[in-house]
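Please keep the sequence and the model in view while reading.

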Amino acid sequence: MNGFAGLAPKGGKTSGEVLLIALAFVASVALIWLVTREKTVALAYAGGVAVLGGLAWSLSRMPVRRVEAEGTLPDWTITAAAIEQTSANSGVAIAVTDRASRLTCANAGFVAAFGTGHAPPGLPLEREAAEDMTRTARAAWRDGSATLELLERESARWTVTATRAGRADDYLVWRFEPIVESDQIGEIAARIGGAFGRVLSQAGIEAAVVGPDGIVRTVSEGFALRAAGDARATLAGQDFAALLRSDERDRIYFAREGRKGSPQTLVNVPLAEGDGADAAPDHAPSLMFLLDAGVGIGGSWGGAESQAGAPQVQALLEQLPLGLAMTDRDGHFLFANPAFLRAAGLEGKPLPPYPLDLVVKEDKAAMSDAVRRFGQGAPLSADMAIRLRSSPEEPVSLGIAGVRGLGEPAVLLSLADSTEETKLKRQVAQATKMQAVGQLAGGVAHDFNNVLTAIIGYCDLMLLRHTPGDSDYDDIQQIKANSNRAASLTRQLLAFSRQQTLRPEVLQLPDVIAEVSQLLKRLMGERIQLKLHHDRNLGPVRADPQQLEQVMMNLAVNARDAIQRRGEATPGRLTIATRRVAAADIRRMDSEVLPVGDYTALIVEDTGGGIPPEVLPKIFDPFFTTKEIGKGTGLGLSTVYGIIKQSGGFIFADNVGENGVVKGARFTIYLPVHSASEPAARAEREEASNWSGGGRILLVEDEDMVRAVAERALTRQGYEVTTAADGEEGYEKVAQGGQFDLVVSDVVMPSMDGPAMARELRKIAPGLPVLFMSGYAEEQLRNEIDIENMHFIPKPFSVQQIANKVAEVLGASKG
């Protein structure tokens, strides 16, 4: 039993025991007097014994609590039963993990979704999802709770919440709430079969949801009463057409009522989901309205009774999630519910006079013709693809139906609100395009780097044989300089595709800005002022300082060009500022992109007139430029975007101004604050770079030019170099007893590539270090190649760079 076990019984003495105690007390006092013959001593003794006796009696009367030792380990079976009860039938998966990310408790939903072999955040997920889970766990341990809005695994999707719990906050409680796609058709059917259907019946409108095969799915209670004589009758599964009949004048009646009943106006609203070519109204359910003749919608036709009921019917239709609008036979709008206005991009705006005012110029004629045709012809329905003025890039599906029996002919328009779906489609298309171009750019840059490595290497070797006074020296320098320019272009391509090799350091942004500020002033010229402002107590960030300088240069060049294009008499201004952004500030921003945490912000703001709204969504696209032909590559901002994303940061662009007048553009970059430092690693690199002990090197490279340059460069440094043309040949040289201190290898080679060769070499030479040469990013290679004692040098490299890197690796391994 945990806690207090209860109270002990009160102690008590019998009368005999009290008498014996009293006699003993008197005898002891008498004995003291007989021995000492002093009354004072006897009285003092008697008083002391009386006090002690009274104290003992009082303590004996107090209740005694017995405390059982609490168990040192929690009873997880109770916790498991509790979360199983709270999450029953909800589909929520719950798990509890400790500080070591071990699974201590989970409900049946979690076991069914992920099993018991893995614990969050280390679940069997795709790479990007696993990284999101890891960031969520870190944020939860740091802030107390964290939320991941979307986690996808196969066909399942969850919203994940991690909350710190326990006496010492040493556990995380994970909740995986399934994301269920909304069922618009099911929602409409539920409303028709419920209270909303009863309200429609009171207004003289009966409703039914009918499948594409003509079979009834659900009906309102009023429809069931008129069609079957019982409001509770189940008509699902019956043929909708069999419940109705028509006379020689094509007037429609309920079959049960016949001509004794009132004629009905049938309105067919296709519930086709999707838009454009994806919509298929002929294969989708329909919402059927049966209106008693004389019930109007709008009030301009139908008589006094219809005009009296119009406001009520309009109020009812406004509650439907499907966008509905009504026009008269001439195409004038009579009514549109909020869902229609939202789908048409008119939320908060007045309804235009005609439907053709909603579409682009090219679709106006088709829209006008369709409304006129359905307003004057037979009561039919159809579907047409249109492009709205609010989103001309995305075609949508417009349902159109002729309505009769409401006094004058009318046309009913239906439009599904696909705003979120369209937004998601656009984002997926953009991401796919960026990924495809990035893969292409990365592949081209990798192959080009091999050529540049050979050119730069041979230039270095030729310069060693010429002095600055030689006639060929300047020509060789020009060749090398242009090769370095080409290498810079490949770095831009790799930066855009996020495959470049970064050399991150822990740094302060003001230091980087100070290094590049003089260059920026010369770049801006005398007509543009450069202003700098830095907050105090900025957190350090971990990034490549050279790449951050490239970011500021690209943004500054764009700002200069924008200011010069304006051609104003007043000088322009470029402001570069740094801000300290705390986690509380991020929470107040309520951003869907920025995770909660501490950031150091870099803000670049100009007075160049801003970015046009139609251009703003495209500025980070590769090869997109607004400059004249021949004056821009379109890679400047896409390179900036790639560098910031690869550094773990975020970049946003917007316009700034006063009193509604745009004055310029503003780029805000958020880089996460880095708390660790790396002085030990820097000291180790400095110590390793002093290596000069020589060594035996196995050089494996399938490109003859690169292999020749690297061999000559290393031989000049005193190394004994053995070459191999592919991975198999390199492996054989070691397997045949070759003794080497280092293997320098390319990554991508025919037959056996570099990583495969390295894994085989580990089996016969476990401690042999490997230095990979590649034009791909080091981070990407390290994620794909899990090999210990692996090092990396990016292509293209100079003779001195490969010599220094080999010395660094050998110094670290020998040390």
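A crossing of two helices is called left-handed if the near helix is turned anticlockwise from the far one by less than a right angle, and right-handed if clockwise. This is a predicted model, in which local features need pLDDT of at least 70 and side-chain atom pairs count only at pLDDT 80 or more, while totals for chains, interfaces and linings use all residues. Residues are numbered from 1 along each chain as its sequence is written, and side-chain values use heavy atoms, with hydrogens and water left out.

Helices (H or I, at least four residues) and strands (E, at least two) are DSSP runs, numbered from the N terminus. Two strands pair if DSSP finds at least two bridges between them. Strand β3 (residues 93–98) is joined to the antiparallel β4 by three bridges, and Val-96 has Cys-105 in β4 as its bridge partner.

Axes here are lines fitted to C-alpha atoms, for helices over the stretch in contact, and angles run from 0 to 180 degrees between N-to-C directions. In the loop between β6 and β7 sits Asp-169, whose phi is near 50°, a positive value in a residue other than glycine. The loop between α4 and α5 holds Pro-121; the peptide bond from Pro-120 to Pro-121 is cis, with omega near 10°.

Aromatic rings also pair in this model. Rings of Phe, Tyr and Trp (its six-membered ring) pair if their centres lie within 6.5 Å; planes under 30 degrees apart count as stacked, over 60 as edge-to-face and the rest as tilted. The structure has 13 aromatic pairs. For Phe-114 and Trp-158 the ring centres are 5.0 Å apart and the planes stand at 40°, so this pair is tilted. Phe-114 belongs to helix α4 (residues 108–114) and Trp-158 to strand β6, so the pair ties together parts 44 residues apart in sequence.

A further open sheet of five strands has the order β15-β14-β18-β17-β16, again with antiparallel pairing. Here β15 (333–336) and β16 (381–387) stand at the edges with a single partner strand each, so one side of each is left without a neighbour in the sheet. Strand β17 (residues 395–403) pairs with β16 over seven bridges in the antiparallel sense, and Arg-387 stands opposite Pro-395 in β17.

Helix packing comes next. The axes of α15 (residues 545–566) and α17 (residues 636–646) come within 9 Å and cross at roughly 150°. That makes α15 roughly antiparallel to α17, given that angles under 35 degrees count as roughly parallel, over 145 as roughly antiparallel, 65 to 115 as roughly perpendicular and the rest as oblique. The crossing of α15 and α17 is left-handed. Contact means heavy atoms within 4.5 Å; the α15 residues that meet α17 include Gln-547, Val-551 and Leu-555.

The axes of α20 (residues 727–735) and α21 (residues 754–764) come within 10 Å and cross at roughly 10°. The two helices α20 and α21 are therefore roughly parallel.
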